[in-house]
Each structure stands twice: as C-alpha cells, then as structure tokens.
Amino acid sequence: MKVHRYDKAFLIVGGVLLVGCLFALLYASVGMGIHLPGRHATIDPQAVHTTPPFDNPGVRQLPDGRVEAVVVGQIWSFVPAEIRLPLGKEIVFTVTSADVIHGFHIDGTRVNMMMIPGQISRNTYTFRRPGEYLLVCHEYCGAAHHTMAGKVIVE
Ligand code: CUA
C-alpha cells in the first residue's frame, strides 16, 4: 500500500500531538499533583447543620499536622464568610451545600469545587503567598448569586 507523503506527515503530527498531550496530562496529575476535587462522602442534605463536621464549620487543626477548613454553602453566603489560614501548611477544604448547588472558588488558586447538596467535596491546597483572597460562588444559585462571596486571609 502506498501512503501519500502528506498523509504520512499528518499521521506523524497527529501521533506526536497525542503522545505529547498524554505526557502533559500525566505531568499535571503526577508531577504537579493536580486532581479533580473528589466526591469524598455523602451527607443527608436536610441535616447539614446538625451533622459533624458541618455542625461547627470553621478552621481546625488535624491530628496529622494539616489544617482543615470546613465550609457550608447556602443561599447566599459561605459559612464562615471569613476564613483565616496559615501560610505554607497543607489545607484540607471540606465543603458541602445546605440547599442548592453552589461553587467554591478561591481567586488566584486552583481551589475550585462544587458545593453539592448531599455530597461532601474535598480538596487540598498550600498557600505560598500571604494576603487576602476572594472566595466566590461560581455556580448560578439564584437571585443573589452575584453577592455570594467570602474572604480567605492567609497569614
Ligand atoms: Cu451560590 Cu452562586
């Protein structure tokens, strides 16, 4: 079978791109540790405010030396609305929603999750730069969606 040389070139370019993208994906997940936020566990969406740890949202020290930030999303606020976190320590964000689907995105970081009723979402992040970060809801959640914001203070 005779393969036209343009066909051949096209196949080679396609193959190189495919392998290149695969390596980029591997590098991002293994090398840089970027993962999709996982569905960590489920929760009764009617009982968020009485189910630990969401009955007492906020920042706490974990036994393994990490810091956990427990946050509830609800129409139209984050609880707590102001989160103080230490610099350079691994933070575990554990979030859920008490009503509809909300978003949990910390501006300028890769912390970007959905807050889903009935589901506990979890993601980790280490802040390398002190300062104030904007926490925004990026899922349309009703009339005052655009006002749903919080503050993350890293010090
Ligand atoms: Cu909550 Cu948009």
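The side chains of Glu 68 and Thr 94 are joined by a polar contact of 2.7 Å. A polar contact here is a pair of N or O atoms within 3.5 Å; within protein, one must be able to donate a hydrogen and the other to accept it, and residues adjacent in sequence count only if both atoms are side-chain atoms.

Before I go on, a word on the model. It is a predicted model, in which local features need pLDDT of at least 70 and side-chain atom pairs count only at pLDDT 80 or more, while totals for chains, interfaces and linings use all residues. Residues are numbered from 1 along each chain as its sequence is written, and side-chain values use heavy atoms, with hydrogens and water left out.

Back to Glu 68. This residue is found in strand 3; strands (E, at least two residues) and helices (H or I, at least four) are DSSP runs, numbered from the N terminus. Is Glu 68 buried or exposed? Glu 68 is buried, at a relative accessible area of 7%. Buried means under 20% relative accessible area, exposed over 50%, and partly exposed in between, with a 1.4 Å probe and protein chains only.

A second polar contact, of 3.1 Å, joins the side chains of Glu 68 and Arg 122. Glu 68 also meets Arg 60 in a salt bridge (4.0 Å, N to O). By salt bridge I mean a side-chain nitrogen of Lys or Arg within 4 Å of a carboxyl oxygen of Asp or Glu. Arg 60 is partly exposed, at 26% relative accessibility. Arg 60, Glu 68 and Arg 122 are linked in a network of salt bridges. Leaving aside neighbours within four places in sequence, Glu 68 is in contact (heavy atoms within 4.5 Å) with residues including Gly 58, Val 59 and Val 92.

How many salt bridges does a search of the whole structure find? It finds six. One of the others is between Arg 66 and Glu 90, at 3.6 Å, N to O. That pair links distant parts of the chain: Arg 66 is in the loop between strand 2 (58-61) and strand 3, and Glu 90 is in strand 6, 24 residues apart. Arg 66 is partly exposed at 28%, and Glu 90 is partly exposed at 32%.

Next, Glu 155 and Arg 84 form a salt bridge whose closest N and O atoms are 3.1 Å apart. Glu 155 lies in the segment after strand 11 and Arg 84 in strand 5, so this pair ties together parts that are 71 residues apart in sequence. Glu 155 counts as exposed, at 54% relative accessibility, while Arg 84 is partly exposed, at 44%.

Now the nonpolar side. A nonpolar core is a set of buried Ala, Val, Leu, Ile, Met, Phe, Trp, Tyr and Cys residues joined through side-chain atoms within 4.5 Å. The largest one has 23 residues, and among those touching the most other members are Phe 78, Leu 85, Phe 127 and Val 152. Several strands each supply at least two residues of this core, including strand 3 (67-74), strand 6 (90-97) and strand 11 (149-154). A second, separate core of six residues includes Ile 43, Phe 54, Val 72 and Ile 120.

Val 152, not counting residues up to four places away in sequence, touches Ile 83, Leu 85, Ile 106 and Phe 127, among others.

Last, helix 1 (residues 5-31), where Leu 26 is found. Leu 26 is partly exposed, with a relative accessible area of 46%.
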